[in-house]
Amino acid sequence: MSEPLLSLSGVSRHFGALKAVDAVDLGIPAGSRHALIGPNGAGKSTLFKLITGAMPVSSGTVALGGSDITGLSENQRARRGISQTLQHSSLFLTQTVLQNVLLAAQRHHPGRRSLVPRRQAAARERARALLADVGLEQRSDTPVAALSHGERRQVEVAVALACEPRLLLLDEPAAGMSPAESARLVGLLQALPESVTVVIVEHDLDVVFALATSVTVLHLGRVLLTGSPDQVRTSDAVQEAYLGTGRESLFLDGTGPAHLEVS
Amino acid sequence: MAGWFDANLVSILNGFAIGSLLFILAVGLSIVFGMMDVLNLAHGAFFLVGSYLAVTFVAGESWAGFFTALGVAALVGLLAGGALAGLTEPLARRPILDQALLTLGISLIVAEVLSIIYGNDVFSVPEPPALAGSVSVAGSAYPTYRLMLIAVGLVLALVVWLVVEKTSIGALVRASVADREMVSAMGIDNRKVKFAVLGVGSLLATVAGVLAAPVYGARPGLDKTILLLALVVIVIGGLGSIRGALVGALVIGQVESLGRALVPDYASFILFGTLALVLIVRPRGLFAGKVAH
Amino acid sequence: MSVVPDSTTEPAAAGPEVRPSPTRGRGLALRAAPLLVLFLLLAAVPLFVAPFTANTLSRILIFALFAVSLDLLVGITGLPSLGHAAYFGIGAYTAGLVSIHWTSEAPVPVLLAAAAGAVAAAATGWLAVRSGGVYFLMLTLAMGELVHQLAQRLTGVTGGSNGLFGIPSVRVGGEPLTLAGLLYWYVLAIALLGFVGLWLVAHSPFGSTLKGIRDNEPRMRSLGYSPFRYKFVAFAIAGGFAGLAGGLFAGLVRIVNPTDTGFTTSALILLAVVLGGAGTLWGPVLGAAVVVLVRDTFGPQLDGHGPLLLGVVFVVAVYVLPRGFAGLAGLATRRRRAPGGAA
């Protein structure tokens, strides 16, 4: 096995006394479909932000493709090939579906800095193809504000893919989707080429087990277990985390204090 | 060094006097923004109202006139702030720009009404009789009134610090600056708080106008100059931070006074340079009290 | 613009795949026709009106260009500036000084004015665009006042509070433009070029990136854009077009005062943008027309207390027209579309 695409070593994030993420080591090989699961408050969302650069680490290093990216900002990391969908749908509401995807697609095609209007044929074609993939080709001229929740999640995925990622991070992409929509999502993600490595944070364990080739279980900010889906399913420790002590940690959701730290 | 200090003692003292005035102004502006998210661009116009009230009442050059001016100014400030709270209430859910535009319109109206009443003349205002002379400070004669201004500024800083740090009202203020939703979730009527905060904030502006009148006089355009200085102070100090307002006011007071005394042609550059320097090092000011949205 | 030749030269070749092209071409033609009529009307104006009216219209055009340049910041990028007059004033002083000391031959003063506006905006803007929201508002206000004070203090260069006067007439091909009508055509030509330039920027990929930043800056960052760079360039471009408007202004009124760089002018032009409807480009043109008419027509009747009326307009506009005239137009079209709006 070659060097992992994404590797975290000793990554921590503290909010005062609360260790939302505590010394996490993780290596995710290129091409894998990796799921991060864990009960509420396990630190999944915080870890997600530490990887994307939306939040700085308290200590530890994040490396992508062997080079240290700990000191890079979110937009610099995005340019290195990290792309994400966010837990709370975060689109450009006043613009159409196509314009939303185009904003991401044009970044990777020439002409994005042009000061005069351009058709941007290549970017436009790519955006339309992605919308067809997620099943929204009929809606491309609809303002995002008029879409259903599930449809917005689909746009999010198209936007994330339009960034041509090496590493695609999905934060609860199936939340609020109908069963048909989430089945379509799983199909779409399964069809992604090997060149895209996928890390998914998801509550819906059906989606996780349909998609993931490896799973990491987080509990109270620490890695409880990393293994195949079958190992995770049969692990006593995981059962306990979800059913036992996990309940108490409901109130320590790692996303809570995060709002105060946005810089 | 000592020689330089002696030579510029008057300028340094002037800097403290200006700093005192700026603190009184800026603390009002800063609390109003920090607690209520209202950027009151009429703050300078309210200040000018105070200055013109001093022109009206201090004509007799008596303590009675001075205190009448202060009292009337305080009342006018409270009422104006209350009115502003009522006016901004319907705009609470709109972008901050809309409230800023409203206060901008109000500042234009107030400034023009003042120039209709008082004309475009430059008024000077005498000090209250007992403070009209000067005293000797380390060998230099220095106006007594300005020393009193420094004292008032220090006392006010102390009072504000005590109120904010040691009283339950202060706890409410601090909580509001940190997280307004939480305070209204605690069952405290946000609207009452808003009336009180804007009232007190505007009162500080009009009172500062009266206090400044013997130094700056009263003239059209003074409102904008003062608003600019107060804004620079709170940008340097950090929005919503009282400590920031104090430090910013002292810094800008010295920049204004020493800068104008030493390099009169470049004083504006020094003012802007200070602002730029602080923001390069600390983009949200020296004591950023809250995350600006 | 490149769309036009594609769709109009080959309408016959339209197969099923390129069907959108002809309709788009027709749509453009339909939209272009009123603009063409408007342009012809504007161009014909000096033939029918008194010199004073032509002069007022020239001023409206200049302030409209100034307002649209501010709209690039306020409406398109989401950066409300209270110091935009600084760059207008720097442009005006530049054009005035160039005309006095060097040449008033047509494009030279305005081009240098635009360059000076852009350079000044770039020199100060990097500081302002680092911070958003209210900080931006306050910093731009502070920078505008600084320029105002400089204009007042540097008496040797700017003439101080007396203003910079004695600016010679604009010359075209060596001939001075002294007739109000000719001067109007000159202003119209340059202002139209300015409008087209700003329209192109707003509708370019760069412009859509700016709109993305306006709507959701964190998301743009996660897509790999650096909002700072885009905002900075937008600020410099807006400063350049404001400088262009200032250059035209100096050529028209032939005196520049420190107040042209100051807070009142900045507030006035922001009022024009807000009154017209930020983000629409055409709204601020209307807003500027109203503001200039109120200030120059009714203002003198108030003994120089025009700002009083403007203050009232400000307050009323905030409550009555939250989206400006453009908001009213939006309501009208929505109502018209409502009956068949199911599709």
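Biologist: How many helices and strands does chain C have?

Modeller: Helices here are DSSP runs of H or I with at least four residues, strands are E runs of at least two, and both are numbered from the N terminus. Chain C has 15 helices and two strands. This is a predicted model, where local features need pLDDT of at least 70, side-chain atom pairs count only at pLDDT 80 or more, and totals for chains, interfaces and linings use all residues. Residues are numbered from 1 along each chain as its sequence is written, while chains are lettered from A and ligands numbered from 1 in the order in which they are written.

Biologist: What share of chain C is buried?

Modeller: A residue is buried if 20 or more other C-beta atoms lie within 10 Å of its own, exposed if 12 or fewer, and partly exposed in between, with C-beta atoms placed from the backbone. In chain C, buried residues make up 53% of the 343 residues.

Biologist: And which contacts join residues 24 or more positions apart in chain C?

Modeller: Two residues are in contact if their C-beta atoms, placed from the backbone, lie within 7 Å. Take the contacts in chain C with a separation of 6 or more: residues 24 or more positions apart account for 76% of them.

Biologist: Which residues of chain C does UniProt list under "transmembrane region"?

Modeller: Such positions are given in the numbering used here, feature names are shortened, and annotations may be inferred rather than shown by experiment. The unreviewed UniProt entry lists residues 28–54, 60–79, 110–129, 183–202, 232–256, 268–294 and 306–326 of chain C. Check two of them against the model. Residues 60–79 of chain C are 90% helix and 0% strand, with end C-alpha atoms 24 Å apart. Residues 268–294 of chain C are 81% helix and 0% strand, but their end C-alpha atoms lie 11 Å apart.

Biologist: What does UniProt list for chain B?

Modeller: For chain B, the "transmembrane region" annotation in an unreviewed UniProt entry covers several spans, including residues 145–164 and 263–281. In the model, residues 145–164 of chain B are 100% helix and 0% strand, and the end C-alpha atoms are 28 Å apart. Residues 263–281 of chain B are 79% helix and 0% strand, with 25 Å between the end C-alpha atoms.

Biologist: How many residues do chains B and C put into their contact?

Modeller: Chain B brings 33 residues and chain C brings 30 residues. On the chain B side, α5 (96–118), α10 (222–237) and α12 (267–281) each supply at least two residues. Helix α5(B) gives the most, with 14 residues. For residue classes, Ala, Val, Leu, Ile, Met, Phe, Trp, Tyr, Cys and Pro count as nonpolar, Asp, Glu, Lys and Arg as charged, and the others, Gly among them, as polar. By that scheme, the side of chain B that touches chain C has 25 nonpolar, three polar and five charged residues.

Biologist: Now chain A. Why is it called as compact as a globular protein of its length?

Modeller: First its elements: chain A has 10 helices and 10 strands. The radius of gyration is taken over C-alpha atoms, and the globule rule is 2.2 Å times the number of residues to the power 0.38. For chain A the radius is 18 Å, close to the 18 Å that the rule gives for 263 residues, so chain A is as compact as a globular protein of that length. Its C-alpha trace spans about 55 × 40 × 40 Å along the principal axes. Of the 263 residues of chain A, 44% count as buried.

Biologist: Which domains does chain A have?

Modeller: Domain bounds come from an automatic or database domain assignment. For chain A it gives domain 1 (1–81 + 165–263) and domain 2 (92–163). Their centres, taken over C-alpha atoms, are 26 Å apart. Between them, 11 residues of domain 1 are in contact with 10 residues of domain 2. Helix α6 (residues 179–190) of chain A provides the largest share of the domain 1 side, four residues.

Biologist: What is the phi of Glu164(A)?

Modeller: Most residues other than glycine have a negative phi. The phi of Glu164(A) is near 50 degrees, a positive value. Glu164(A) is in the loop between α5 (149–162) and β7 (167–171) of chain A. It counts as partly exposed because it has 16 C-beta neighbours inside 10 Å.
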